[in-house]
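Reader: I have a model open and want to learn how to read it. Can we go feature by feature?

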Amino acid sequence: RRRMPMAIVKETAIRIDRILARIAGCAGLAEEELTACASHGELGERLLSRAEQYAQRWSTGAQPITGHPEIDKALAYIHRHSHEDVTLKGVAALVSMDETYFSGMFKRKTGVTLIHYVQQVRIGHAKKLLEETSLPVAEVGERVGFPNTNYFIKIFKRWAGRTPNDYRSASGYPS
């Protein structure tokens with residue numbers, strides 16, 4: 001029985017882990033947990049354990065927990081409605097907070113501004129679509145909440161470090 005080289009198996013496990021994390025709507029767990037595995041069996045067990053954690057998180061609809069009920073409510077809303085027009089004014093009203101206060105609190109609890117958070121969520125969804133579909137870039141942008149294709153490409157490149165087409169090519173999806 002022939003085994004794949006461990007480096008390739010680890011790289012594949014990390015890609016699977018990232019995909020599962022995106023599906024669950026959360027940040028992936030530390031890659032070091034996977035890269036530190038010494039055997040194929042250990043890596044398989046670790047990946048399966050992480051997949052179960054992601055599945056649990058996905059099934060409960062849990063979103064990132066900040067410890068602040070209004071910010072957690074805002075995060076859950078953003079993840080459910082990221083493809084829509086999400087604005088500071090709208091989200092602040094949803095959680096019954098003053099816009100300026102909410103904006104500052106959001107940044108303190110998440111480490112990023114609301115607009116950057118929304119962009120990151122949208123780009124995460126776009127990456128998934130680029131990896132798994134042959135949809136044109138313009139349609140991917142529209143589906144994730146960017147009606148302007150040029151703006152979508154600009155923001156995608158800012159967060160992903162490459163254009164959507166380059167990302168798709170690198171992901172192995174046939175163009």
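Reader: What share of the 175 residues of the chain counts as buried?

Author: This is a predicted model. Of its 175 residues, 35% count as buried.

Reader: How many helices and strands does the chain have?

Author: There are 10 helices and 0 strands. Read from the N terminus, the order is α-α-α-α-α-α-α-α-α-α.

Reader: What part of the contacts joins residues 24 or more positions apart?

Author: Take the contacts with a separation of 6 or more. Residues 24 or more positions apart account for 59% of them.

Reader: Now helix packing. At what angle do the axes of helix 7 and helix 9 cross?

Author: Helix 7 spans residues 114–132 and helix 9 spans residues 149–160. Their axes come within 10 Å and cross at roughly 95°. Angles of 65 to 115 degrees count as roughly perpendicular. Helix 7 and helix 9 are therefore roughly perpendicular to each other.

Reader: Which residues meet there, helix 7 against helix 9?

Author: From helix 7 come H116, Q119, Q120, I123, A126, K127 and L130. They meet Y151, F152, I155, F156, R158, W159 and A160 in helix 9. By class, this contact has 9 nonpolar, 3 polar and 2 charged residues.

Reader: On to pockets. What is the general idea?

Author: Rolling a probe the size of a water molecule over the atoms shows where empty space is left. In this model, the second largest pocket has a volume of about 220 Å³.

Reader: Which residues line the second largest pocket?

Author: The lining consists of E11, I14, R15, R18, I19, R22, E131, R162, Y167, A170 and S171. Two elements give two or more residues each: helix 1 (6–24) and helix 10 (164–171). Helix 1 supplies the largest share, 6 residues.

Reader: Last, backbone angles. What should I look for in phi?

Author: Most residues other than glycine have a negative phi. Here, S96 has a positive phi of about 55°, although S96 is not a glycine.

Reader: Where is S96 found, and is S96 buried or exposed?

Author: S96 is in the loop between helix 5 (88–94) and helix 6 (99–110). Exposed means over 50% relative accessible area. S96 has 68% relative accessibility, so it counts as exposed.

How values were computed
Residues are numbered from 1 along each chain as its sequence is written. This is a predicted model: local features need pLDDT of at least 70, side-chain atom pairs count only at pLDDT 80 or more; totals for chains, interfaces and linings use all residues. Side-chain values use heavy atoms; hydrogens and water are left out. On a 1 Å grid over the protein atoms alone, a cavity is a set of points where a 1.4 Å probe fits but cannot get out, and a pocket is an open set with protein on both sides within 12 Å along at least five of seven lines; lining residues have an atom within 4 Å of a point. Grid points are joined across faces, edges and corners, and a volume is the space filled by probe spheres set on the points. Helices (H or I, at least four residues) and strands (E, at least two) are DSSP runs, numbered from the N terminus. Axes are lines fitted to C-alpha atoms, for helices over the stretch in contact, and angles run from 0 to 180 degrees between N-to-C directions. Angles under 35 degrees count as roughly parallel, over 145 as roughly antiparallel, 65 to 115 as roughly perpendicular and the rest as oblique. Contact means heavy atoms within 4.5 Å. Ala, Val, Leu, Ile, Met, Phe, Trp, Tyr, Cys and Pro count as nonpolar, Asp, Glu, Lys and Arg as charged, and the others, Gly among them, as polar. Buried means under 20% relative accessible area, exposed over 50%, partly exposed in between (1.4 Å probe, protein chains only).
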